[in-house]
Amino acid sequence: MNPTSAQPYGPPIGQFASRRAGRGGLHGLLLGAFLVLLSCLPAQAWSQVELDSFAVDTEEPVEEGAEFEVATGPGKDADTTAKKIKEKTDLLDPVELMNGGQVRHSANFDNTRLMYSDLLERQGGFSMTLGQWGMPYQRNQYGTDAANFEQGNYINPITGAENVYFMDPEHGMRYYDTRTPYLNAYYSQGKGDASQMRVDVSQNVHPLVNVAGLYARQQCKGVYTNLVTDHNTVGASANFHTLDDRHHTFAHFLVQQHKDQFNGGVVGIQPESTYFNQGSQPVALSDANLLRLSKAVAVRHFYAITADSLNARHAFGIYAGFFAESLVNQFADLEAVSPVLNTLQFPVYPTLGDSTFMIERMSIKRIKFDAGLSYRFNGPVWKSQQRLELAQELIHYTHFYQYTALNRSSILWKGQASYAPNPRALDLAWNYRQTFSNLFPTESYAEVNVGYHFPKWQLDYTYKAPGSPRKVDDSLLLTKTYRPLGLLVHTLSYGRNPTLQQAVGASWPGNNFQSNPDFNNRRIRHLKVGLEVRGKSSWTSMGEQAGNYVQLSAFSTRQTGMIYFQSDTNFTSTGYVQASNKAFVGYFGGELKMRVHWKKLFLETETVAQGFGTNSKTLETEFLKAQPKFYTKTSIFYENYGLKFTRMLRFGLDYWYFSTYTPSYFDPASQAFYSQGQSSDYSQFAYPRADVFVATQVKKAFIFVKFINLLEGVPQLGYFTTMGYPMQVRQLQLGLNWTFFD
């Protein structure tokens, strides 16, 4: 959670023992055809609520200026008092509920992501990866894969590769509690018919029951020659909660279909002028198609054992969930490909007769049961949230080597604690998980975050945080405390299983299928220590305006048991190999994160300088030059609120830069990256990139215009962040996010 956002421990769901009841008829409403996924759904008239149905804690702070009115009518006494409740859309978060946290959040659009039309760019940074649109994001962080830090992206169950375009079917749905019909639409258009759109619609069909739907699509033609991408996602969700908020049920159904006509990168023997300075990029292979189809259903249930209220010191809840998914990966060739390309191009597709790791069609079925206990404690000087979960998961693979099923069970303990004896505050957060399987050794993951903040200075401001929808003033008045200095520690230890591809699926052109299911876990240990200084924040009509912020930290990442793909320059030896437990790869360095402003001008930067160390000559050859020693992402922009013609206006410059490094190879079939190692000594030259943008909010519509890669041709014609894949040329992007009802 952002430290400048609403306090993480207030107010949890159901903390008010109050009631809500709605009255009114059904309103027939047509919001669109199937594209917007909403037909005639009944709406509730939330205009008046009987005050007798509320049990208000008199010690709770009440918003100043709250208006009450006397309402009379059939079945009402003349002196019955009621309050008008403003129309509002809440976003329900079942994960927070299972963690004992705040379950209701505002469904407003995130301004900070307004300029980033591509999901890859939203990941942050500019370092070494590939999307089907050719957009970079920071796949590597502090010397290791971002997936090792559990950033929440979808992970391929076979290859372990991240896929930001594929929605995580277990956690990717949104749930709402809407008092009016809600529709949110997002659209972005770029070069090469690259476009994205998403439509969310929602309606409470009963004061306690909500149904919603989503449609999302990404499409692209021509960013690379003959590349065609068409991703479609359709989802439906429903949730129910009791009047006292002690019982919650969430359910969703999700269908995803991704079609990609793969490009295999450019032929490495062509001159640089062939790669760049033209409308679209040439590719060596464009005749292999991938169809990925997923159908998933999930149900989650929560029950509060104890009545949760503001004055309750303890709150217990139990929960249980069920998840089922069917996933199909299928490859097909459109045309025969010249055998010459097979010898030149790296890598190749599994449909060409020299399989990289799998056959043309594979079906995966996955079911999972989980159950757990959540506990929250609110004390005078310290608070805590705890979650304990037990899970059983079965993944069944069809036509994958000799293994047909992977059986996993896990235990999870996730917790937070806050201790705030003035003038200091100590915040702790931890995540511990053990996973047992029938194929691999026990996998363990342990992560701890520590923040020590001091001293307590003057009070910053008061603001309203969303509370229970049944509370009279519908919010809680909170006071922000200003502690400018902080000491931060983040440590992680991960004994990660090899992927199924690494264990049983390595091969190379001209080599037979081979396997090595006896790989051990690789161990990642990471430590980051930092000092932060924060200026005072303020409260505006658009929400919190964060103060100046500077964080300087040092980090060290050490990996043992490395698994990597090894080959020589003639491709005569191949396969995944594992380094000994005594051989290590280490990255160390410093990081600067900063956000400062002067009046309406802002400067944000994330800059890393890092070094490399190892005790193995082989690992030095494989990984020494795999990451730049320096990279930065900096934004300079003007931002203003409350103008006559717009609620928000922002325009500025995004700038990326990285030093010379040896980029990874990319396997489009598995979506996996691996180092060049001894097979190539190609180095990517240092390259600056600059984007200019303007973004604004007009009523409920967010609009942006962005000009990508303004510095194309300066100083070089173009650039790579992945071996064989030229990145995008200069282009103009337009985007729109429009919340029609709120």
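These entries go through a surface patch, some salt bridges and one tyrosine.

**Entry 1: the model.** A reminder to myself before I start: this is a predicted model.

**Entry 2: the nonpolar patch.** I looked up which residues form a nonpolar patch on the surface. I found Tyr303, Ile305, Phe316, Ile318, Leu373, Leu388, Leu390, Ile411, Trp413, Tyr432 and Phe436, with about 960 Å² of accessible area together. I then checked which strands supply at least two residues of the patch each. They include β17 (314-333), β19 (382-398), β20 (405-419) and β21 (425-437).

I picked out isoleucine 305, one of the patch residues. Isoleucine 305 sits in the loop between β16 (288-304) and β17. Its relative accessible area is 43%, so I noted isoleucine 305 as partly exposed.

**Entry 3: salt bridges.** How many salt bridges does the structure hold? I wrote down 22.

I went to arginine 408 and glutamate 393, whose side chains meet in a salt bridge at 2.8 Å, N to O. Arginine 408 belongs to strand β20 and glutamate 393 to strand β19, so this pair ties together parts that are 15 residues apart in sequence.

Next I looked at aspartate 654 and lysine 633, whose side chains form a salt bridge at 4.0 Å, N to O. This pair links distant parts of the chain, with aspartate 654 in strand β35 (residues 648-658) and lysine 633 in strand β34 (residues 630-641), 21 residues apart. Aspartate 654 is buried, with a relative accessible area of 1%. Lysine 633 is buried too, with a value of 16%.

I also noted arginine 689 and aspartate 691, which make a salt bridge through their side chains at 2.8 Å, N to O. Both arginine 689 and aspartate 691 are buried.

**Entry 4: tyrosine 725.** My last stop was strand β41 (residues 725-726), where I found tyrosine 725. Its relative accessibility is 1%, so tyrosine 725 counts as buried. I also looked up how far tyrosine 725 is from phenylalanine 666. The two are 59 residues apart in sequence, and 8.8 Å apart in space, C-alpha to C-alpha.

Definitions and conventions. Residues are numbered from 1 along each chain as its sequence is written. This is a predicted model: local features need pLDDT of at least 70, side-chain atom pairs count only at pLDDT 80 or more; totals for chains, interfaces and linings use all residues. Side-chain values use heavy atoms; hydrogens and water are left out. Patches are made of residues with over 30% relative accessible area and no salt bridge: like charges are joined within 9 Å, nonpolar side chains (Val, Leu, Ile, Met, Phe, Trp, Tyr) within 5 Å. Accessible areas come from the Shrake-Rupley method with a 1.4 Å probe; for residues, only the protein chains shown count as cover. Helices (H or I, at least four residues) and strands (E, at least two) are DSSP runs, numbered from the N terminus. Buried means under 20% relative accessible area, exposed over 50%, partly exposed in between (1.4 Å probe, protein chains only).
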